[in-house]
Amino acid sequence: MSDKYAAKRVVRAPEAQPHLDLDKGQETQPWGTLTDLPISLGENVRAQSIETLNQVLADTITLRDMYKKHHWQVSGPTFYQLHLLFDKHYGEQNELVDTIAERISGLGGVQVAMAPDVAEMTMIRRPPKGRENPAKQITRLLEAHRHILAEAREGAKVAAESGDDGTNDLLVSELIRLHELQVWFLSEHLVSARLD
């Protein structure tokens, strides 16, 4: 230490000190619990919607990540078009992930968020680590879309019947419409394509 600083006494400001001890922290809201928000929806309705939305969220995160995997690993004569399409769909799914997660917060719930938890919850079949041909990549994506669309349609019906118009609207107006559009764009790439 230089002589310039040796004689000075250091004064600490404990109130401004960041608290970095993770062992002393606590969860503010455990998984599976609700906060009471004044949104005129009963606890049972909100709990059902949160459960549905968390499943859709886990599957949407998985689909989003499959799009990025395929964006990186696509090959063949349609490389450029699919590279751009997969990245575009990834971005749209990423926005949807945030919308679903925010709805869960708005209902007073806790979102599934970490990769190990998502992997444990998702119902989407896991692709291999290696590269697949474009037709197989698209088929995997279409299978995931089909699964999420079935989930969303059932969830929208239950939300409508229970009076949760916000969740119904999200599932119908944002999720279902986006997935149907992406399915159309993907499906057209499989016309006359072989899967072998």
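1. Ala-58 touches Val-112, Val-118, Met-121 and Thr-122, not counting residues up to four places away in sequence, where contact means heavy atoms within 4.5 Å. Ala-58 is found in helix α2, helices being DSSP runs of H or I with at least four residues, numbered from the N terminus. At 0% relative accessibility Ala-58 counts as buried, a term that stands for under 20% relative accessible area, with exposed meaning over 50% and partly exposed the range in between, for a 1.4 Å probe and protein chains only. The C-alpha atoms of Ala-58 and Ala-115 are separated by 9.1 Å, although the two residues are 57 apart along the chain.

2. On provenance, this is a predicted model, in which local features need pLDDT of at least 70 and side-chain atom pairs count only at pLDDT 80 or more, while totals for chains, interfaces and linings use all residues. Residues are numbered from 1 along each chain as its sequence is written, and side-chain values use heavy atoms, with hydrogens and water left out.

3. Helix α2 covers residues 43–73, and 22 of its 31 residues are buried, so that the helix is mostly covered. From its first C-alpha to its last, α2 reaches 44 Å, close to the 45 Å expected at 1.5 Å a residue, the expected span being 1.5 Å times one less than the number of residues.

4. Which part of the chain holds Arg-46? Arg-46 lies in helix α2, and it is buried, with a relative accessible area of 1%. A polar atom of its side chain lies 2.9 Å from the backbone oxygen of Thr-35. Leaving aside neighbours within four places in sequence, the residues in contact with Arg-46 are Leu-34, Thr-35, Asp-36, Leu-37, Ile-39, Leu-41, Leu-107 and Gly-108.

5. Gly-108, one of those contacts of Arg-46, follows α3 and has a positive phi, near 95°. Ser-40 also deserves a check: its phi is near 60°, a positive value in a residue other than glycine. Most residues other than glycine have a negative phi. Ser-40 is found in the loop between α1 (3–6) and α2, and at 77% relative accessibility it counts as exposed.

6. The largest nonpolar core has 38 residues, and those with the most contacts inside it are Leu-57, Phe-86, Ile-100, Leu-175 and Leu-186; such a core is a set of buried Ala, Val, Leu, Ile, Met, Phe, Trp, Tyr and Cys residues joined through side-chain atoms within 4.5 Å. Helices α2, α3 (79–106), α5 (134–162) and α6 (165–187) each supply at least two residues of this core, and the largest share, 10 residues, comes from α2. Ile-100 is in contact with Leu-53, Val-56, Leu-57, Thr-60, Leu-170 and Leu-175, leaving aside its neighbours within four places in sequence.

7. The buried residues of α3, among them Phe-86, His-89, Gln-93 and Ile-100, pack against α2, α5 and α6. The 28 residues of α3 should span 40 Å at 1.5 Å a residue, and its end C-alpha atoms are 40 Å apart, which agrees.

8. How much space lies in the largest pocket? About 450 Å³ lies there, and 16 residues line the pocket, of which Thr-62, Asp-65, Ala-119, Arg-126 and Pro-127 lie nearest its centre. The elements that give two or more residues to this lining are α2 and α4 (115–121), and the largest share, 7 residues, comes from α2. On a 1 Å grid over the protein atoms alone, a pocket is an open set of points with protein on both sides within 12 Å along at least five of seven lines, a cavity is a set where a 1.4 Å probe fits but cannot get out, and lining residues have an atom within 4 Å of a point.

9. A search of the whole structure finds 1 cavity of 30 Å³ or more, and about 50 Å³ of space lies in the largest cavity; grid points are joined across faces, edges and corners, and a volume is the space filled by probe spheres set on them. Residues lining this cavity include Val-45, Ser-49, Gly-155 and Thr-167, and α2 and α5 each supply at least two residues of the lining.

10. Arg-140 lies in helix α5 and is buried, with a relative accessible area of 14%. Leaving aside neighbours within four places in sequence, Arg-140 is in contact with Met-66, His-70, Arg-126, Pro-127, Pro-128 and Glu-132.

Notes. A polar contact is a pair of N or O atoms within 3.5 Å; within protein, one must be able to donate a hydrogen and the other to accept it, and residues adjacent in sequence count only if both atoms are side-chain atoms.
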